[in-house]
Amino acid sequence: MSESSLFLQFLFSGLTAGAIYALVALGFCVVENSLRIVNFAQGDFLTLGGFFMTTFLLSLKIPWPLAALCSILAVGLCGYLLERIALRSAKTHDPLTLIFITIGASIFIRGLIKLFWGKNPRIFPPLITGEPIRLLGASLTRESLLILAVGFFCVTILHLFYRVSRSGKALRAVAYSPRAAALIGLPVGFLNSVSFFLAGALGAVAGLLIVPVTGVSFDTGVILGLKGYAASVLGGYGSFPGAIAGGLLLGVMEALVAGFISSGFRDVFAFALLFCVLAIKPSGLFGTHEEERV
Amino acid sequence: MKKCGLWGLVSIFLFLIFSGSLAAKEPIKIGAFFALSGPAAFIGTPTKLVAEMAVAEINKKGGINGRPLELVIGDTEGDPSKAVAIAKRFIYKDKVVAIIGPTRTGTGMAVKPIVEAARVPTIMTVGGDPVIMGGKFGSYRYVFKTPQRSSTAVRKIYQYLKKKGLTRIAILTATDGFGKDGRKWLKKLAPEYGLTIVAEEAFNPRDTDMTAQLAKVWKENPQALVAWTIGPAGAIVAKNVKQLGITAPLFQCHGLPDPKYIELAGPASEGNLMPSTKLMAWEQLPDTDPQKPVIAHFVHLYKEVYHYDRRFPINTHSGYAWDAIMILARALEKVGPDREKLREAIENTKGYVGISGVYNITPEDHNGLDESSMIIVKIVKGHWVLEDY
């Protein structure tokens with residue numbers, strides 16, 4: 001394998017991992033765009049999506065597309081319930097309290113997963129299979145391509161939804177000022193639930209794509225959640241194009257560090273980068289000013 | 001009158017129960033702690049079940065010299081500080097005679113100084129070797145372990161490579177404690193078998209893609225790849241190997257022979273080789289193997305009597321807790337529940353034919369298994385095939 005194809009291989013490796021980080025990051029953004037909090041259960045939505053899929057696809061023998069839809073709706077519902085039951089009953093807008101609740105929810109979800117699905121890792125077959133695509137001596141699996149495509153599809157839909165549709169604008173209004181939104185008659189609580197539904201659904205989508213590649217165990221979402229968070233901070237917390245850019249950038253940089261420097265430094269690098277972004281440019285790559293949000 | 005008769009019957013019944021239990025001898029308490037939750041729970045939970053099965057079988061046959069065994073169970077959650085707390089509870093509150101477990105090398109190392117200081121014989125089911133290594137790892141007078149040493153598994157792979165005339169190898173190890181232990185032995189023992197390590201890379205066991213590392217080692221044209229990790233990461237390595245079109249055979253470590261591996265890696269597992277206990281291909285063993293009937297009995301109990309197989313299909317680790325309990329029981333039978341004498345008796349275990357091998361424990365070797373306890377298995381069409389005996 002020549003140097004140039006080696007570089008290309010690192011790039012492909014990074015894009016695959018990065019696309020997943022990006023999907024997780026999108027989930028963070030959705031919540032940021034209504035409740036303005038960090039939802040630390042985002043990674044566990046991914047795990048839940050994977051486990052629901054094993055049940056629907058393998059135990060209940062539902063065909064792939066329908067099982068996927070059921071899983072997405074199921075995890076969306078979990079997100080909805082999380083907001084409706086845990087967050088709203090806290091009766092506060094204090095971000096710190098709400099963030100702590102999401103951390104608690106994350107531990108709770110992992111406990112439930114262990115209870116219902118056990119402690120062993122699981123896996124299900126991917127939607128598309130086939131020989132990997134070879135390009136200049138490097139290879140990229142079809143699954144990776146699918147992950148990338150779905151990532152871009154999701155960001156386009158979300159971008160349009162938030163910028164063009166009335167409901168999307170309403171969600172952003174809630175983010176800007178829950179009080180003012182309530183005053184003009186927007187159902188703030190309901191809109192918050194909707195954004196958590198979306199976050200859950202996006203988490204499930206990420207799970208559906210990554211689990212056929214890596215398998216899923218109850219703690220799969222922990223590290224992916226953290227990486228997704230790092231990616232969304234890198235891209236500018238709350239920005240959808242930023243989430244995609246941040247995810248892919250983080251994935252590629254990690255792979256290059258692992259390839260050219262040392263694989264041991266991969267995670268150190270990711271979190272050092274997060275630290276630097278927070279310290280030097282907290283608004284990230286695509287971060288916008290408050291005034292421009294609505 | 002009818003009522004009186006009933007009460008009389010009940011009181012006679014109760015009297016019988018209590019007098020019966022008073023007559024039975026006091027049970028011998030053994031502390032047993034495993035990672036029943038946390039990331040290593042998929043290993044810890046079946047280990048506990050097997051330990052309970054072994055104890056139930058012993059008690060069914062009348063216990064140890066008439067006294068039944070009693071397991072006091074603890075959950076380490078794979079957390080060293082919790083393991084230490086439980087070990088102290090076992091020793092000072094429950095006053096156990098001996099301890100079985102824990103599951104992870106990290107928890108084992110945390111518990112080691114505690115049991116050494118309290119002089120409690122402890123048979124661990126951990127993978128890593130430092131628990132039974134002296135020098136900078138502390139003393140190991142009271143600590144034993146039933147799973148093969150990492151170095152034994154490395155030697156098994158290297159013997160096979162030498163036999164096949166393969167000399168240039170690449171190694172890929174996880175960055176956790178288990179992976180580092182493997183890396184150390186892979187590098188240390190290679191010259192002994194005339195092998196050259198042409199490339200070495202590491203990966204985080206939580207990574208989702210290892211193609212970068214694999215592409216890098218493949219560039220050096222190794223004749224074989226050896227990966228050292230447990231859990232789903234091993235399956236990802238196998239998939240990435242096939243994705244990159246790497247033609248050299250892939251060896252996995254002795255922690256992976258498990259039906260789960262084939263499930264996770266799918267078609268990419270085809271042709272993978274690994275050192276394993278004889279459990280994985282026991283039916284293919286020659287009839288002259290002394291372990292074959294012992295394993296057959298164990299598999300029968302596991303599958304048909306206790307029905308553990310549905311929840312935890314048998315893997316290479318399944319027998320370790322059984323062997324730990326049996327070695328302990330043999331020593332107890334010989335010397336009774338005295339910790340000091342027990343330690344000495346365990347240390348003098350000779351020729352115990354177990355599930356994981358024939359144990360010959362010595363003061364220097366607190367494991368007692370060599371390469372002959374292992375086999376090389378190959379995955380052929382989704383089945384475990386005995387490749388080298």
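Between domain 1 of chain B and domain 2 of chain B, 10 residue pairs are in polar contact, with both residues of each pair at pLDDT 80 or more, whereas the count of salt bridges between these two domains is zero. The structure discussed here is a predicted model.

| Quantity, domain 1 and domain 2 of chain B | Value |
|---|---|
| Residues in contact | 21 residues of domain 1, 22 residues of domain 2 |
| Buried area | about 1,700 Å² |
| Share of buried area from carbon and sulfur atoms | 55% |

On the domain 1 side of chain B, the residues that lose the most area to domain 2 are B:Gln148, B:Thr316 and B:Glu371, which together account for 35% of what that side buries.

Strand E13 of chain B (residues 374–380) runs antiparallel to strand E14 of chain B (residues 383–388), and five bridges join them. Within this pairing, B:Val377 stands opposite B:Leu386 in E14(B), while in the hairpin, which has two residues between the strands, B:Lys381 takes a positive phi near 50 degrees.

In chain A, A:Ser193 lies in helix H8 (residues 188–214). A:Ser193 counts as buried because its relative accessibility is 0%, and, leaving aside residues up to four places away in sequence, A:Ser193 touches A:Tyr80, A:Glu83, A:Arg84 and A:Arg88.

Note on methods: Residues numbered from 1 in each chain as written. Chains lettered and ligands numbered in written order. Predicted model: local features only at pLDDT ≥ 70, side-chain atom pairs only at ≥ 80, totals over all residues. Heavy atoms only, no water. Pairing = 2+ DSSP bridges. Helix = DSSP H or I, 4+ residues; strand = E, 2+ residues; numbered from the N terminus. Buried < 20%, exposed > 50% of the residue type's maximum accessible area, 1.4 Å probe, protein only. Contact = heavy atoms within 4.5 Å. Buried area = accessible area lost by both parts, 1.4 Å probe. Salt bridge = Lys/Arg side-chain N within 4 Å of Asp/Glu carboxyl O. Polar contact = N/O pair within 3.5 Å; in protein donor to acceptor, adjacent residues only side chain to side chain.
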